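Please keep the structure open while reading.

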Amino acid sequence: MAQVELIMPKMGESIIEATILKWVKQVGDAVEVDETILEIATDKVDSEVPSPVDGVIQEILYLENDTVAIGKVIAIIATEGEEAIPQATPSLAESVTTTAPSATASAKAAEPIVALKKVSEVGRFYSPLVKNIAQTEQINQDELDRIPGTGANGRVTKKDMLNYLKNRSHSLQNGTHQANKATSKTTQTSPIQPSPGTSVSGAVEIVEMDRMRKLIAEHMVMSKHTSPHVTSFVEVDVTEIVQWRDKVKDSFQQKYGEKITFTPIFMEAVVKAIRDFPMINISVEGNHIIYKKDINVGMATALPSGNLIVPVIKNADQYNLMGLSKQVNDLAKRARTNQLKPQEIQGGTFTLTNVGTFGNVMGTPIINQPQVAILAVGAIRKKPAVVETAYGDLIAVRQMMFLSLSYDHRVVDGFLGGSFLRRIGDYLEKFDAHQQI
């Protein structure tokens with residue numbers, strides 16, 4: 001009987017770990033090539049991991065909700081059609097050791113380890129990992145049965161245990177101990193948050209952030225901590241663009257089967273400006289500047305959940321307006337239906353966000369690390385403006401829009417950032433309103 005190691009796959013150039021959301025197959029289950037074995041989550045995308053061979057799941061090395069480094073073995077598959085002897089999911093004692101010992105464990109280190117049941121008298125199932133944590137922290141069966149569970153069918157997860165231990169340790173030490181620092185990699189760099197106030201009236205609902213919102217929060221704090229942000233603004237006359245789109249939108253859809261929005265037009269101007277100012281298309285690693293030859297433009301997309309995701313158009317400079325429209329529409333549609341592939345949100349070198357979608361006239365966006373700049377386009381509004389004509393200056397009603405560029409002042413100075421932003425505005429104002437589709 002041969003054994004094949006199932007490896008946590010590499011999901012993108014900057015992804016170093018993934019979280020196991022669900023094991024679709026269990027120990028002893030038969031699998032076929034390309035059949036889904038488990039579901040995982042990386043930065044912002046949930047993905048399925050298929051089987052590389054035909055065989056039987058012999059061993060599962062990590063539990064649901066565990067975060068695993070890329071390249072680690074997560075399961076063993078027995079092949080050649082021989083029946084594998086099912087093995088229970090290991091208790092992963094090393095996962096427990098990543099939790100700093102609490103005051104409770106230290107104070108009771110001399111006491112014997114309590115015996116815990118796999119299935120308690122109240123009918124709850126406890127995984128080996130949960131039982132190991134409970135034994136290490138000297139939690140008896142009665143106390144374990146009272147811990148609220150957020151897993152399937154009220155199952156107590158590793159996260160539930162660590163949250164409980166945090167509060168338990170805090171109360172036992174009269175508030176002198178901080179929360180367990182090993183439960184999350186973010187707690188080591190994030191400032192200590194004040195505890196929520198108690199509501200006497202009860203008119204307060206406490207809702208835990210979902211996984212994506214936690215990742216977004218961590219990414220935004222990291223970006224502000226990493227880059228000194230500066231934001232510049234320009235106002236642009238986009239009357240010609242608005243009139244051209246209104247004129248061709250129906251025929252464009254009939255000819256290409258795609259809707260023409262303002263986003264690909266903005267993106268086309270961005271790409272042209274990046275060619276003129278390639279120092280915007282860089283990243284920073286320590287004291288080194290990384291020049292990016294590919295122009296990969298990300299577009300911030302709002303999801304039905306209220307979260308944001310940034311699909312990336314690779315080599316955006318190689319598309320014409322029709323090609324950009326097709327790419328924008330396809331990625332936006334699949335982003336909202338959670339059908340993006342991991343590689344489609346990786347590798348961006350510049351990001352465009354449309355705050356005008358929400359009726360905002362301007363914004364100060366946060367840089368999408370490791371990029372050094374991000375452009376926000378505001379809502380298009382009719383305004384009186386001075387127009388230069390052969391007969392002198394006139395005041396006319398024009399379609400005006402603000403552009404704002406946030407950039408990393410470590411490597412992008414005001415001259416470069418302001419010039420780049422003004423160049424985008426120039427390209428938009430010089431848009432060829434007579435071009436044919």
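**Overview**

Of the 437 residues in the protein, 43% are buried. The model is predicted. It holds 10 helices and 19 strands. Among contacts in the protein with a separation of 6 or more, 64% are between residues 24 or more positions apart.

**Helix 8 and helix 9**

- Helix 8 spans residues 262–276 and helix 9 spans residues 321–336; their axes come within 9 Å and cross at roughly 120 degrees.
- Helix 8 is therefore oblique to helix 9, since an angle of 65 to 115 degrees would count as roughly perpendicular and one over 145 as roughly antiparallel.
- The crossing of these two helices is right-handed.
- On the helix 8 side, the contact is made by Thr 263, Pro 264, Ile 265, Met 267 and Glu 268. These meet Leu 321, Leu 324, Ser 325 and Val 328 in helix 9.
- Sorted by class, the contact of helix 8 with helix 9 comprises 6 nonpolar, 2 polar and 1 charged residues.

- Four strands form an open sheet in the order 1-8-6-3, and the pairing is antiparallel.
- Strand 1 (3–7) and strand 3 (30–31) are the edge strands, each pairing on one side only.
- Strand 1 and strand 8 (residues 73–78) run antiparallel and are joined by 5 bridges.
- Leu 6 has Ala 75 in strand 8 as its bridge partner.

Conventions. Residues are numbered from 1 along each chain as its sequence is written. This is a predicted model: local features need pLDDT of at least 70, side-chain atom pairs count only at pLDDT 80 or more; totals for chains, interfaces and linings use all residues. Side-chain values use heavy atoms; hydrogens and water are left out. Axes are lines fitted to C-alpha atoms, for helices over the stretch in contact, and angles run from 0 to 180 degrees between N-to-C directions. Angles under 35 degrees count as roughly parallel, over 145 as roughly antiparallel, 65 to 115 as roughly perpendicular and the rest as oblique. A crossing is left-handed if the near helix is turned anticlockwise from the far one by less than a right angle, and right-handed if clockwise. Contact means heavy atoms within 4.5 Å. Ala, Val, Leu, Ile, Met, Phe, Trp, Tyr, Cys and Pro count as nonpolar, Asp, Glu, Lys and Arg as charged, and the others, Gly among them, as polar. Two strands pair if DSSP finds at least two bridges between them. Buried means under 20% relative accessible area, exposed over 50%, partly exposed in between (1.4 Å probe, protein chains only).
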